[in-house]
Every structure is written in C-alpha cells, then in structure tokens.
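I opened my notebook to look up a few sites in this structure. Here is what I had on screen.

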Amino acid sequence: MPRRSGHKPINRRRAILSLGGVVLGAGIGQFATRALAESGKGANQTYPVAPEMPAGVQPTSVMLTAKARLRQLKPAPLPPNDIYDYADGDGPIVMRLKQGDWLEAKLVNEIQEHTTIHWHGIRLPVAMDGVPYLTQPPVLPGESFTYRFQPPDTGTFFFHPHCNTVEQLGHGLAGVLVVEGDETRPHDHDLVCAYRDWRIDEAGKFMPMMTTEGAAKAGTFGQHRTINDQEHPVFKVPAGGDIRIRFLNLDMARVLDLGVTGTEAWVIATDGNALPPIKLKSWRLGPAMRADLTLRAPATAGTRIQLVNYYAAQPIVMAELEAVGPVLQRPDFVPAPLKPSAIPEPQLEGAETFPLRLGASSVPADLPPDLVLPDGSVLRYADALCLTPNTFWAFNGQPWPSQSHEVLPPPLVTFQRGRTYVIELINQTPHIHPVHLHGHTFKVLSSSKGDIVPHFADTTIVAPKERVKIALVADNPGDWMIHCHIIEHQDTGMMGIFRVA
Ligand code: C2O
Ligand code: CU
C-alpha cells in the first residue's frame, strides 16, 4: 500500500531520522548523537535483558505492524481517515490470551518515526516494558522488535507506543489485550468497549493533536467520540444473557463517568483487577483506566440499554446494547465476583511514605531553537529524543526532562526490592491527573476526599487539591516510568522514573 501523506509531524520526523549521520553546519546531527550518547542510551547502551521463554513453551504469536491504514471513522460521503493501527479491521485489535499463555508479539515498524509498545498494566520484566532509551532501543522505521512475556495476571489491558505518544496514539495506535481465566461463572457474552475521541473536524480531517492551551490545562479534546472506532455503536447481545463489558478509556485526555441505563450493572474489576462487585452508579475513568462490568441483558428481544458518560454537561450515550433472541433462561441474576490475581498485598505497617507532588513546572526546558530545514519543514530537537520543548508540569518540582534533557533524569525515588511503599499523590494543580505506574499494580488506599473503596489499579485519578494514597510492593526490579496519562501532561513534564533495586 502506498504511504499516504498527511501526517505533517511524521514527515518532519522522517527528516530527523535521515539526518542522523549527516554533519550539519548547525550541529543538529552532532547534537542528536551527543544527546543519545550522554544519556547513556546511545549505540553502546546495554538495555535490560528479559528472561528466556522456557523451552517447549508454545507462545501465542502475533505480528503487530504499526502503519498508516485507512479507516472510515465518519460515515461516507466523508472520506476514510488515514489512521495508524497495528492491524486492519473496523476497530482496534483485540488480542485474547488465557492465563499462563506466553505472548510473542513482533512489532514491525512501518511508520516514519521510531516507536515501541508499552504493555499497559502488565507486570512484566522491565526489558519488555517498551520505553525507548530506557528499557529498549527505539524501533526505527523498517525495523522490528519482538516482545516475549507471560502476563501474570488476568484482566483487561491495553498496549500503546511510548514515544511521541500524542501523535502516535492520537492517530490510533493502540490495541486491547485480554487475559482470560478469572471468571467464577461464565458470561454468555464478553464485549470489549474501547472508548476514544478522535481529533477530526467536520470535514473528517485530522486536527493538531496537541495545543498549548490544552497541554497547559485539561488536555486537548477530540470532537468525534467513538467506541471501538464507531460513533454510538449498537452491540447485539443475547437476550436474558449474562454480559461482561470490558470498558477501556483509551482517550488521551477525556475523563468519563461511566454509567448504565436500562438495567442494573456491577463493577467487577478495575484496571483488570477483581474487586467484590459494586453496584454501578457511575464510575470515574480517566485516560488509560478500565472497568469491567457485569449485567443481565433485557429478556425481551429488541430492548436496549445504554452506556452513558455522565461527566458532561448533559449525559452522553456512548453506545447501546440491544438484546436479540432467542431469550436465554437464566436463574435470577446475582453478580458473580471474579477470581483475584496474585497481586502482592502491601504490608502497610512500618511502610515508608513517598510524597509525590503533582504540580506546575516553573522550569522552562532549555532546548535549542527549532531548525528550519531546506525543504521548509521545521525540526524540533525535542522530537528526536521523545522530549518536548514545553514543560508545564512536574513531579516534586522536577519536570521531565529535568535541568538537562541530554540525560535521562535521575530516578525520583529508589525503592528497595520486596518492600512495601506508600505513595501519597498530592495534586497541587487545578486539573485532574490520572497517574500511572509501570511494572507494578498498586492498591488505592484512601483519598483526602474520603470516597475511595480500596482497590487494585495501575492508573488512578487525583482530582484538584486531592491527596490520594496508594501502596505497592516494589517487587519488580528495574527503572520504571511514572506519569500522568493525560498524554499532553506526560509529554510536557509530568513524567519521571522510579527505581526498584
Ligand atoms: Cu499507558 Cu506509560 O503508559
Ligand atoms: Cu495530568
């Protein structure tokens, strides 16, 4: 398929990559090389190595080709959109494994800038975590990288790039990973609902993914709201059947209050982690957060129920479920809990607390000025290094990149392997931040607002002025990212490293 143009930032970045070895008067090539070398992540960098897959294991193998694809996001006669995805199809790829399976996923990069895959929420060895320069080399255009790991936990997860995320994820690069094996009573139907907005205008054209205004505030929102890339889909479900909904908020900025109208529903998992069923009123999901719901479909064919977002001036129906016959005969509905995964339980007694202040950045990033290339395109140093020229946000006063962007910033904190730590997330800003930790599943303990049911998660929302305590057992050695999952916040400073040693 011929490469389609239209991704301006990508063309610009293509210039960067092809300039890598060229000596330029302005020193751009030298800068990029030096920056990588000084970061310790240059050509000679040794990255962590993953444990071998045991002999005799038959992994589930999949090829994920990141490339531009055409997808009809808005109805014809508007043209299809030039998106990125890992596979063809009508929506994001959904991969299903059984607990205990190994996954062997070969990422083939056919976009015009480097990429990687981060397996969001999976407690895997650090070498498989997919953070370029930190855990692996960036996967350059035309190159590939094979991820091999055994997800330890059941649940609803997803995966996405971890570089220039605002562009790559903004154009659609993400997939869903389900690890099955947690049901104590099988459902009749298992429905993945991946929510996201698209930054496309009335004419169906992509708009800039990032705005200064959005990055400095609540994020830049899309206009076209979809589930599984469809606007207001109607999913057919068996009438009278037990339905599991795996709801994922894959948006880069939008916070949702998920509700169901037309029947009762229960939350049975948060970020893939079982919790005793909680009757759903509405459940807040920031970017990257997931909730699994269980419900009984209406016993009359043709009847619909709605998935609603209440975090809006007027409730918005995101999708509907329509019961279709024949009607299943099931005993009275009682929500069945899921089997919990073996997440280590934090030992809170005597645990150290690490305060993490979520704040605005006062440090302007000291990047060299943009360089205008002979073809008129603009090259930003930041792009070559997954950095951004703007920093609006910081953890404990340290924006990413820190003083110098020529080195990876030192870890914000080092945790001793095997110990429990409490992290107190202190939001000093007037905006919501969904905070995500890599490599570990944590327990959300409490909030200064007093409204938290303790539960396991990999991403948790901290509201303005709120303090949220989370706890984790630091049992996965390595350097791990911690960041806000409003991608513009992540890309403008609210990101750091924590070390488990
Ligand atoms: Cu889903 Cu570092 O993120
Ligand atoms: Cu944020």
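My entries go from the ground rules to the rings, then to an arginine and a metal site.

**Ground rules.** I am working with a predicted model, where local features need pLDDT of at least 70, side-chain atom pairs count only at pLDDT 80 or more, and totals for chains, interfaces and linings use all residues. Residues are numbered from 1 along each chain as its sequence is written, chains are lettered from A and ligands numbered from 1 in the order in which they are written, and side-chain values use heavy atoms, with hydrogens and water left out.

**Rings.** I looked for aromatic pairs first. Rings of Phe, Tyr and Trp (its six-membered ring) pair if their centres lie within 6.5 Å; planes under 30 degrees apart are stacked, over 60 edge-to-face, and the rest tilted. I got ten aromatic pairs by this rule. Trp 119 and Phe 159 make a tilted one, with 4.9 Å between centres and 35° between planes. Trp 119 lies in strand E5 and Phe 159 in strand E7, 40 residues apart. Strands (E, at least two residues) are DSSP runs numbered from the N terminus. Both Trp 119 and Phe 159 are buried; that means under 20% relative accessible area, with a 1.4 Å probe and protein chains only.

Next I checked Phe 354 and Phe 415. Their planes stand at 80° and their centres are 6.2 Å apart, so the pair is edge-to-face. Phe 354 is in strand E20 and Phe 415 in strand E24, 61 residues apart. Phe 354 is buried at 13% relative accessibility, and Phe 415 is buried at 1%.

I also found a cluster: ring pairs link Tyr 86, Trp 119, Phe 145, Tyr 147, Phe 149 and Phe 159.

**Arg 244.** Is Arg 244 buried or exposed? Arg 244 is buried, at 0% relative accessible area. I place Arg 244 in strand E12, residues 242–249. Its side chain makes a polar contact with the side chain of Asp 292 at 2.7 Å. Such a contact is a pair of N or O atoms within 3.5 Å; within protein, one must be able to donate a hydrogen and the other to accept it, and residues adjacent in sequence count only if both atoms are side-chain atoms.

**Copper.** Which residues coordinate the copper ion (ligand 2)? I list His 433 (ND1), Cys 484 (SG) and His 489 (ND1), at 2.0 to 2.1 Å. Donors are N, O and S atoms within 2.8 Å of the metal (3.2 Å for Na, K and Ca); water is not among the atoms, so sites may look incomplete. The donor residues are spaced H-x50-C-x4-H in sequence. His 433 is buried at 0% relative accessibility, and Cys 484 is buried at 0%.

Methods
Helix = DSSP H or I, 4+ residues; strand = E, 2+ residues; numbered from the N terminus. Buried < 20%, exposed > 50% of the residue type's maximum accessible area, 1.4 Å probe, protein only.
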